[in-house]
Amino acid sequence: MSVKIKQVSKISAKQRRHARVRKSVTGTANRPRLVVFRGNKHIFAQIVDDTKGITLASASTMNKDLKSAKGNKTEKAKAVGVQVADAAKNAKVKKVVFDTGGNKYHGRVAALADGAREGGLEF
């Protein structure tokens with residue numbers, strides 16, 4: 001008798017991780033949520049107040065100044081972190097909770113977090 005092993009795709013594993021994290025990570029007015037979306041070419045970051053359902057600040061590699069910037073994707077992700085931290089300062093946000101969006105805290109996601117910390121965000 002053979003037993004079939006269910007294979008889990010990367011996409012479904014990411015969706016499971018994201019659902020598990022979102023059960024406990026929510027953004028409030030005092031500590032909004034810094035959420036990251038990582039695509040193959042670009043990375044996006046938003047600061048979201050989940051109680052009101054609004055985006056307070058955002059940044060991405062699609063912005064004009066970062067789209068034409070030199071460097072690899074990790075360096076651009078760090079620049080996005082600094083840029084979202086500056087946008088958060090304009091929105092009077094100092095502390096956030098970090099939501100990796102189901103991605104592992106590694107590579108570009110970690111670089112974005114480091115850039116946001118360098119920009120002055122606390123999480």
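## Lining of the largest pocket

The lining of the largest pocket divides into 6 charged, 6 polar and 1 nonpolar residues. Asp, Glu, Lys and Arg count as charged; Ala, Val, Leu, Ile, Met, Phe, Trp, Tyr, Cys and Pro as nonpolar; the others, Gly among them, as polar. A pocket is an open set of points on a 1 Å grid over the protein atoms alone, where a 1.4 Å probe fits, with protein on both sides within 12 Å along at least five of seven lines; lining residues have an atom within 4 Å of a point.

Of the 13 lining residues, Lys14, Arg17, Arg38, Asn103 and Lys104 lie nearest the centre. Helix H1 (residues 10-24) gives the most, with 4 residues.

## Basis

This is a predicted model: local features need pLDDT of at least 70, side-chain atom pairs pLDDT 80 or more, while totals for chains, interfaces and linings use all residues. Numbering starts from 1 along each chain as its sequence is written, and side-chain values use heavy atoms, without hydrogens and water.

## Strand pairing

S1 (residues 33-38) pairs with S2 (residues 43-49) in the antiparallel sense over 6 bridges. Pairing takes at least two DSSP bridges. Helices (H or I, at least four residues) and strands (E, at least two) are DSSP runs, numbered from the N terminus. A hairpin of 4 residues joins S1 to S2. Valine 35 has glutamine 46 in S2 as its bridge partner.

S1 and S4 run parallel, joined by 3 bridges. Here leucine 34 stands opposite phenylalanine 98 in S4.

## Aspartate 99

Aspartate 99 sits in S4 (residues 97-99). It counts as buried because its relative accessibility is 0%; the cut-off is under 20% relative accessible area (1.4 Å probe, protein chains only).

Conventions. Buried < 20%, exposed > 50% of the residue type's maximum accessible area, 1.4 Å probe, protein only.
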